[in-house]
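Open the model in your viewer and keep the selection tool at hand. This tour goes stop by stop, saying what to pick and what to look for.

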Amino acid sequence: MVDGTSFWNFFNSWSEVFMAQLQGKNNISLSRPPVLNRWFPDGYGPIINLPFTHHDQFISRFEAPVLKERIFHFSSESIAKLKARANAECNSNEISSFQALSALLWRSITRARSLSDEQETSCRLAINDRTRLDPPLPENYFGNSVQTVRAVATAGQLLEHDLGWVAWLLHQAVVGHTDNDVRGWLDSWFETPFIYQLRQFFDPNSIMMGSSPRFNKYGVEFGLGKGLALRSGYAHNLDGVVSCYPGREGGGSIDLEVCLPPNSMTALESNQEFMDAVSFSFSP
């Protein structure tokens, strides 16, 4: 099993091989050759015993939820404005573009859900652990080295404060994720191993920003030309799951695939602050 970094590196490498052969090249050199050496924390691996006696203990069948799925496009100019606004509001220059955009989604979806002020909610961000470890894993390590970081606030706090305050919560969650956090989580998992299933761990009052706009998804080429669009399957389509893709025109633009119940989606699309940031046209 591999994470998104390894998944897309594999397809990018496969595409490089195909295109090189199409051009009649015999000596093929991958731009990002995979590092296949296995890594385990000290004292663990490579064989791990799982505490299951039947596959029903770790496999759950998919049940289609009643959701609407929408793709929202954000141009590089719109994202730059969000980033500048978030940094200005929290008197910082450390908020990233993705943190600012995630903050907008978290506030907007929380508002669309009409949660009580006291309701706790969170925003999870997928994070690459390769560079968080000490010593770090190679950038092209082929395997699974991903976790999520989590920022928490009540619905009332999110809506009372501005975008910068929310973005700073996310920023702190990201920069606070260290080698100790990674190894601590792994130690806990080895003590009580389980098979991760998103729907069993996901909080329906929260959101999850999955995938990444950094992956080279439109660079995968198998002779049919550049892809027209990116879409996910239905397995992880849960209330509040947001899949993040690079925009087709590149340049830092982002597409977000948002899944919400019909009423919440209607409220989100009626949110002026959110829709003001959405870009409605782009060059193909």
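Two strands count as paired if DSSP finds at least two bridges between them. Keep that in mind for the first stop. Note also that this is a predicted model.

**Stop 1: a pair of strands**

Select strand β2, residues 120–128, together with β3. The two pair in the antiparallel sense, over 9 bridges. Now pick C123: A151 in β3 stands opposite. Move to I127 and look across again. Which residue of β3 stands opposite I127? The residue is Q147.

Stay with β3 and colour its two faces. In a regular strand, side chains alternate between the two faces of the sheet. On β3 the covered face holds Q147, V149, A151 and A153. The uncovered face holds V146, T148, R150, V152 and T154. Both partners from the pairs above, A151 and Q147, sit on the covered face.

**Stop 2: the whole sheet**

In what order do its strands run? The order is β1-β6-β5-β4-β2-β3. This is an open sheet of 6 strands, and the pairing is mixed. Strands of a sheet pair through backbone hydrogen bonds, either parallel or antiparallel. Find the edges next: β1 (68–74) and β3 (146–154). Each of these edge strands pairs on one side only.

**Stop 3**

Select helix α2 (residues 76–89) and helix α3 (residues 97–113). Their axes are 8 Å apart, and the packing angle is about 85°. Angles of 65 to 115 degrees count as roughly perpendicular, so α2 and α3 are roughly perpendicular to each other. Show the side chains at the contact. From α2 come I79, L82, K83, R85 and A86. From α3 come S97, A100, L101, L104 and R107. By type, the residues of this contact divide into 6 nonpolar, 1 polar and 3 charged.

**Stop 4: aromatic rings**

Show every aromatic side chain. The count comes to 14 aromatic pairs. A pair of rings is described by the distance of the centres and the angle of the planes.

Start with F74 and F274. Their ring centres are 6.0 Å apart and their planes stand at 70°, so the pair is edge-to-face. F74 belongs to strand β1 and F274 to helix α9 (residues 272–277), so the pair ties together parts that are 200 residues apart in sequence.

Next, select W185 and F194. This aromatic pair is edge-to-face too, at 6.3 Å centre to centre and 75° between the planes. W185 is partly exposed, with a relative accessible area of 39%. F194 is partly exposed as well, at 27%.

Then select F7, W8, F10, F11, W14, F18 and F222 together: they form one aromatic cluster.

**Stop 5: a histidine**

Finish at H171, in helix α5 (residues 163–175). H171 is buried, with a relative accessible area of 7%. What does H171 touch, leaving out residues up to four places away in sequence? H171 touches E94, I95 and Q99.

Conventions: Residues are numbered from 1 along each chain as its sequence is written. This is a predicted model: local features need pLDDT of at least 70, side-chain atom pairs count only at pLDDT 80 or more; totals for chains, interfaces and linings use all residues. Side-chain values use heavy atoms; hydrogens and water are left out. Axes are lines fitted to C-alpha atoms, for helices over the stretch in contact, and angles run from 0 to 180 degrees between N-to-C directions. Helices (H or I, at least four residues) and strands (E, at least two) are DSSP runs, numbered from the N terminus. Angles under 35 degrees count as roughly parallel, over 145 as roughly antiparallel, 65 to 115 as roughly perpendicular and the rest as oblique. Contact means heavy atoms within 4.5 Å. Ala, Val, Leu, Ile, Met, Phe, Trp, Tyr, Cys and Pro count as nonpolar, Asp, Glu, Lys and Arg as charged, and the others, Gly among them, as polar. Buried means under 20% relative accessible area, exposed over 50%, partly exposed in between (1.4 Å probe, protein chains only). Rings of Phe, Tyr and Trp (its six-membered ring) pair if their centres lie within 6.5 Å; planes under 30 degrees apart count as stacked, over 60 as edge-to-face and the rest as tilted.
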